[in-house]
Number of protein chains: 2
Amino acid sequence: MTGDSALPQPEAAPFTERTPRVVAARKLTRRAEREKTGRFLAEGANAVEAALEDGGKVYELFVTERAAAQHGRLLVAARDAGVPVSPITDRAADGLSETVTPQGIVAVCAHVDRPQETVLKPGAKLVVVLVDVADPGNAGTVIRVADAAGADAVVLAGDSVDPHNGKCVRAAAGSLFHPAITRIRDVDAALKACSAAGLRTFGAHGYADTELDQVTFDEPTAWVFGNEAHGLRHDVLESVDLAVKIPMYGRAESLNLATAAAICVYTNAMASRAAR
Amino acid sequence: MTGDSALPQPEAAPFTERTPRVVAARKLTRRAEREKTGRFLAEGANAVEAALEDGGKVYELFVTERAAAQHGRLLVAARDAGVPVSPITDRAADGLSETVTPQGIVAVCAHVDRPQETVLKPGAKLVVVLVDVADPGNAGTVIRVADAAGADAVVLAGDSVDPHNGKCVRAAAGSLFHPAITRIRDVDAALKACSAAGLRTFGAHGYADTELDQVTFDEPTAWVFGNEAHGLRHDVLESVDLAVKIPMYGRAESLNLATAAAICVYTNAMASRAAR
């Protein structure tokens with residue numbers, strides 16, 4: 001259906017929001033359809049470039065006329081990779097976007113998550129585990145931070161948001177295709193898998209006794225972060241090897257999830273590299 | 001107009017979106033009205049609590065019935081401080097909110113920013129300067145990070161967003177009332193004021209030669225961050241004492257403003273305390 005024979009010529013009329021392939025792609029803005037098909041929408045030049053370059057499987061690329069003019073290099077890369085490129089109208093692009101400012105360039109990709117046993121294995125040095133994280137923008141921002149810090153993997157555990165959600169893809173700015181990503185529904189199983197892979201588990205918690213600047217980062221680590229509003233569940237805090245608190249030097253009571261994760265993961269990454 | 005004689009009794013009918021005092025408050029969602037009156041809306045329990053406790057000047061507090069039931073302690077604190085408390089309808093609360101999920105508790109406050117000479121002065125150890133930062137959520141998140149890291153001040157320089165914007169207030173989660181805040185339109189003057197106060201200026205930049213983990217934090221520092229999309233302006237980069245790059249250990253090209261600021265400011269805060 002999306003084979004090369006269907007590749008439209010540049011002068012072809014753009015697909016509208018009623019063209020069957022656009023209608024099918026639009027359904028991927030719903031989680032149920034994503035789970036059913038194993039496909040999702042990667043919107044924006046960063047995400048499309050990462051999907052094409054970094055081993056993501058891309059089924060099809062939709063572009064508006066304006067985006068095609070801006071991102072000629074990406075269209076060439078897509079065609080070179082045998083990915084069908086279809087022009088779409090601005091209105092069709094709006095329908096494929098889960099963000100307030102549609103980018104006009106959207107790829108239909110295969111899910112990026114992998115089986116946990118291929119992701120959590122001995123040799124991993126830095127892993128980020130999100131437990132019950134609800135906001136897709138937060139999840140995407142943390143995936144970007146994990147990538148920047150050189151993390152081997154990101155685990156979405158418990159009731160966490162689908163990483164293929166459009167707002168998550170956008171916030172990850174291409175990084176969704178970089179660290180290995182796995183989803184583990186059972187949080188206890190996720191922690192046990194980290195331990196089995198030789199990772200110490202550190203749970204970030206505002207009332208922990210140990211402060212971040214007291215921690216020695218000389219072993220592989222899995223950082224565990226909880227829900228935006230409620231933090232780490234009590235049973236998870238009981239299960240991690242060490243609960244760690246970011247010191248509060250001023251009068252703020254806490255930090256938001258993404259900034260807290262950035263501080264913990266980068267402090268770890270910089271210190272463990274310095275120690276080598 | 002908002003004196004104690006006007007204090008409505010709890011059993012009074014709630015103000016609606018057409019009540020003149022609510023109409024007047026609603027105008028404060030516009031920057032021009034905020035600049036004209038020197039007032040702004042602090043929405044949410046965190047912000048209201050910080051305004052009441054931390055020396056903010058509060059003219060009036062509006063609460064819905066539901067929020068009043070949740071935040072009884074805050075209402076007592078307001079009345080003890082001589083702040084008129086007025087019940088409002090849910091619809092009136094919607095009109096006073098700049099966020100998608102109105103909190104039902106909104107204070108009319110005096111602007112928090114102060115003259116630069118009272119904020120940037122010898123003795124300051126850690127200052128954050130935002131240059132041309134456009135997104136109020138980012139500005140608020142960075143103010144919260146600066147507070148948590150014990151920063152003395154936050155400078156909104158150049159074309160930066162108004163810190164009294166509702167989305168900034170919300171993202172700051174009360175911290176807007178903690179570090180000293182000043183606005184300096186002229187970026188060069190802002191940097192010179194930092195230097196005159198004995199602060200070294202560090203500009204965060206993705207292509208700097210010096211990486212964050214190579215920096216020694218043994219002197220008072222002002223961290224300078226640029227616009228979300230464009231980073232620090234060339235002339236600003238030329239003017240800072242040192243340009244600093246967050247090391248990228250993975251394949252991400254960059255971090256977003258708030259996470260980058262969190263990493264730089266906290267790395268500095270933890271290192272300079274360890275060195276004492």
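Analyst: The model is predicted. Ser97(A) belongs to the loop that runs between α6 (90–96) and β4 (105–110) of chain A. Is Ser97(A) buried or exposed? Its relative accessible area is 12%. Because buried means under 20% relative accessible area, Ser97(A) counts as buried. Leaving aside residues up to four places away in sequence, Ser97(A) touches Glu43(A) and Pro102(A). With Glu43(A) there is also a polar contact, made between the two side chains at 3.0 Å.

His111(B) is placed in the loop between β4 (105–110) and α7 (116–119) of chain B. The relative accessible area of His111(B) is 17%, so this residue is buried. Which residues does His111(B) touch? If residues up to four places away in sequence are not counted, they are Arg34(B), Glu35(B), Gly38(B), Arg39(B), Phe40(B), His164(B) and Arg183(B). For Arg34(B), the backbone oxygen lies 3.4 Å from a polar atom of the His111(B) side chain. For Arg39(B), the backbone oxygen is reached by the side chain of His111(B) at 3.3 Å.

Next come the helices, beginning with a pair in chain A. Helix α3 (residues 45–53) and helix α5 (residues 72–80) of chain A have axes that come within 10 Å and cross at roughly 30°. Angles under 35 degrees count as roughly parallel, which means that α3(A) is roughly parallel to α5(A). The crossing of α3(A) and α5(A) is left-handed. Where do the two helices meet? On the α3(A) side the residues are Ala45(A), Val48(A), Glu49(A) and Leu52(A), and on the α5(A) side they are Arg73(A), Leu74(A), Ala77(A) and Ala78(A). Sorted by class, this contact of α3(A) with α5(A) has 6 nonpolar and 2 charged residues, and no polar ones.

Helix α3 of chain B, which covers residues 45–53, can be described by its buried residues. These are Ala47(B), Val48(B), Glu49(B), Ala50(B) and Ala51(B). What covers the buried residues of α3(B)? The cover includes the strands β1 (39–43), β2 (58–63) and β4, together with the helices α5 (72–80) and α9 (166–172), of chain B.

Technical notes: Residues numbered from 1 in each chain as written. Chains lettered and ligands numbered in written order. Predicted model: local features only at pLDDT ≥ 70, side-chain atom pairs only at ≥ 80, totals over all residues. Heavy atoms only, no water. Axes fitted to C-alpha atoms, helices over the stretch in contact; angles between N-to-C directions. Helix = DSSP H or I, 4+ residues; strand = E, 2+ residues; numbered from the N terminus. Parallel < 35°, antiparallel > 145°, perpendicular 65-115°, else oblique. Left-handed = near helix turned anticlockwise from the far one by under 90°. Contact = heavy atoms within 4.5 Å. Nonpolar A, V, L, I, M, F, W, Y, C, P; charged D, E, K, R; others polar. Buried < 20%, exposed > 50% of the residue type's maximum accessible area, 1.4 Å probe, protein only. Polar contact = N/O pair within 3.5 Å; in protein donor to acceptor, adjacent residues only side chain to side chain.
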